[in-house]
Amino acid sequence: MDGSVAALEDRCCHRAAALHLGKVEGNGLRCMYHGMKFDGDGRCVDIPGQTTIPKAARVISFPVVELDNWIWVWMGDPELANPDMIPRGISPRDPNWNMITGSLTFKCDYRLIMDNLLDFSHVTYVHRKTFGGSNAYAETLPDITISDRSIHIERWVYNEPTPVFTWDAFGGPDVRIDMHYDYTLHLPCTFLMRFRHFTAGNVTDGPSNGQLVLDTWTSQGVTPVSEDKAQYYFSWGASSETDSPGIAPLLERGVKAAFREDRETIEAQHINIQRDPERAFVATGHDQAAMRMRRILDKALEFENSKSADAA
């Protein structure tokens with residue numbers, strides 16, 4: 001094995017066996033039903049019991065790139081695959097950051113997770129035991145910038161209690177801080193955020209004039225599995241300049257607890273939607289980013305589907 005990555009359809013060309021049940025051999029994958037072996041491009045390179053390999057003996061392969069410790073697979077038109085479109089995060093191997101990683105399985109429509117990431121007013125209520133649930137999240141609207149393939153959101157929260165999960169590091173619930181959220185949700189489902197803590201300053205608009213005490217970064221990816229299931233991958237960590245002993249475990253416990261709070265809420269929401277999928281939602285001012293992202297996503301899906309139909 002040379003360490004390179006490949007992405008193949010989970011279907012053998014012989015009898016449609018599931019290739020995820022196969023066995024990696026060198027730089028190839030052997031189907032463990034009848035033993036055909038395929039290279040990273042999907043070409044069959046070995047058929048037990050015969051030397052002639054039909055040209056049609058291949059499985060579908062997808063363009064794939066390994067970047068920032070993530071594996072990116074392009075499942076649309078291969079001619080449109082463009083590595084420059086991949087949003088750049090911070091790798092857990094980056095020496096300037098102390099990152100923790102994890103994943104969760106959500107039993108829901110993946111778009112509900114995207115809605116959650118684009119509306120932080122839920123922090124006040126869903127995360128009252130982890131991030132603190134300050135009313136400021138629900139009472140203020142963020143600055144939103146929209147592009148063809150992403151939505152960028154920035155917000156300041158001033159003179160608020162430090163999040164519950166950081167009490168041990170920053171002195172308890174009476175400590176006041178300013179917080180800056182700077183995040184982008186990229187199509188199809190990639191969330192990148194820089195989240196910084198400052199000692200409480202004396203401004204209520206624009207950057208804090210307090211001292212930076214914690215600088216964190218998170219990369220989060222939502223991977224649809226089915227209509228009712230999604231896999232949620234994430235990393236989160238502090239910069240080496242603001243890291244200190246004990247910060248990484250605090251972040252890990254707090255972040256994972258918060259994501260479990262999200263999961264409980266979103267999975268219950270998904271069940272309600274399934275019971276009555278045609279019932280309309282009532283929008284509020286906080287829904288602007290999520291509604292715009294739905295339209296951007298729908299447009300991209302429509303384009304992909306039209307390309308697939310043309311190819312057929």
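User: How do the residues of the lining of the second largest cavity divide into nonpolar, polar and charged?
Analyst: This is a predicted model, in which local features need pLDDT of at least 70 and side-chain atom pairs count only at pLDDT 80 or more, while totals for chains, interfaces and linings use all residues. Residues are numbered from 1 along each chain as its sequence is written, and side-chain values use heavy atoms, leaving out hydrogens and water. The lining includes Trp 70, Arg 88 and Ser 219, and by class (Ala, Val, Leu, Ile, Met, Phe, Trp, Tyr, Cys and Pro are nonpolar, Asp, Glu, Lys and Arg charged, the others polar) its residues are six nonpolar, three polar and two charged.

User: Which residues are the closest to the centre of the largest cavity?
Analyst: The largest cavity holds about 160 Å³ of space. Of the 16 residues that line this cavity, the closest to its centre are Phe 120, His 127, Phe 131, Trp 236 and Phe 259.

User: Which residues is Val 175 in contact with, leaving aside neighbours within four places in sequence?
Analyst: Val 175 and Thr 162 are 13 residues apart in sequence, yet their C-alpha atoms are 6.1 Å apart in space. Taking contact as heavy atoms within 4.5 Å, the partners of Val 175 are Glu 160, Pro 161, Thr 162 and Phe 170.

Methods. On a 1 Å grid over the protein atoms alone, a cavity is a set of points where a 1.4 Å probe fits but cannot get out, and a pocket is an open set with protein on both sides within 12 Å along at least five of seven lines; lining residues have an atom within 4 Å of a point. Grid points are joined across faces, edges and corners, and a volume is the space filled by probe spheres set on the points.
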